[in-house]
Amino acid sequence: MSEEKNPQVLMETSMGNVTIELFKDKAPIAVRNFLSYVKENYYDGLIFHRVIQSFMVQGGGMDAEMQPKKTKFAIKNEAANGLSNKRGTLAMARTNVVDSATSQFFINVVDNSFLDHKGKSPDLFGYAVFAQVIEGMDVVDAIKEVKTGSRGGHSDVPLEPVVIKSVKIVEQ
């Protein structure tokens with residue numbers, strides 16, 4: 001039986017390309033959700049709206065004017081899948097509500113094990129890792145270095161928008 005390969009996507013940004021492998025066996029809900037947005041070209045033209053150099057870069061929900069884009073329904077949090085928020089992994093962004101993730105994701109630029117699942121209560125539940133960067137971490141590292149400021153009530157916003165030009169499924 002040939003093991004089915006994990007899906008991959010190519011994220012083209014204004015600062016370069018990033019190839020991402022999706023862990024569909026460990027985070028099937030998050031991966032299906034992410035790919036449904038990808039297939040609809042949802043991410044095209046959105047930005048990395050929250051960049052914290054020693055932490056992570058977050059995108060997938062706002063346009064260059066910091067206007068949120070309409071999302072689908074929230075998904076179940078799969079943080080208890082055994083994956084850790086290590087440097088280079090992608091996790092679903094969410095509010096303080098455990099099962100509130102929609103389209104936004106973040107890429108960990110350092111090991112952030114404090115974001116991992118540690119218990120069932122909301123403050124311990126953690127953030128679901130669903131993918132990892134397999135090529136282009138240098139691009140992510142360049143993104144984390146951009147100058148940021150406050151904009152539209154948000155902090156850590158790149159002064160020069162870092163645009164997600166497109167996210168496409170890579171045929172393997």
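Modeller: Gladly, and please keep in mind that this is a predicted model.

Biologist: Which other strand pairs with S1, and over how many bridges?

Modeller: S2 pairs with S1 in the antiparallel sense over six bridges, and in S2 the bridge partner of Val9 is Ile20. S1 and S2 form a hairpin, with two residues between them.

Biologist: Ser14 is in the loop between S1 and S2. Why is Ser14 called partly exposed?

Modeller: The relative accessible area of Ser14 is 38%. Buried means under 20% and exposed means over 50%, so Ser14, at 38%, is partly exposed.

Biologist: How do you know that Ser14 touches Val163?

Modeller: Contact means heavy atoms within 4.5 Å, and Val163 is among the residues that Ser14 touches, together with Pro161, Val162 and Lys165, not counting residues up to four places away in sequence. Ser14 and Val163 are 149 residues apart in sequence, yet 5.2 Å apart in space, taken from C-alpha to C-alpha.

Biologist: In what order do the eight strands close into a barrel?

Modeller: The order is S1-S2-S7-S5-S6-S4-S3-S10, and the pairing is antiparallel. Neighbouring strands of this sheet are turned by 35° against each other on average, direction ignored.

Biologist: What makes S5 and S6 a pair?

Modeller: Strand S5, residues 89-92, is joined by three bridges to strand S6, residues 105-108, and the two run antiparallel. Pairing needs at least two bridges, so the three found here are enough. Ala91 stands opposite Phe106 in S6.

Biologist: Which residues lie nearest the centre of the largest pocket?

Modeller: They are Gln58, Ala93, Arg94, Thr95 and Gln104, out of a lining of 20 residues, and about 310 Å³ of space lies in this pocket. Strand S4, residues 56-63, gives the most to the lining, with three residues. By class, the lining has nine nonpolar, eight polar and three charged residues.

Technical notes:
Residues numbered from 1 in each chain as written. Predicted model: local features only at pLDDT ≥ 70, side-chain atom pairs only at ≥ 80, totals over all residues. Heavy atoms only, no water. 1 Å grid on protein atoms, 1.4 Å probe; cavity = no way out; pocket = protein on both sides within 12 Å on 5 of 7 lines; lining within 4 Å. Points joined across faces, edges and corners; volume = space filled by probe spheres on them. Helix = DSSP H or I, 4+ residues; strand = E, 2+ residues; numbered from the N terminus. Nonpolar A, V, L, I, M, F, W, Y, C, P; charged D, E, K, R; others polar. Axes fitted to C-alpha atoms, helices over the stretch in contact; angles between N-to-C directions. Buried < 20%, exposed > 50% of the residue type's maximum accessible area, 1.4 Å probe, protein only.
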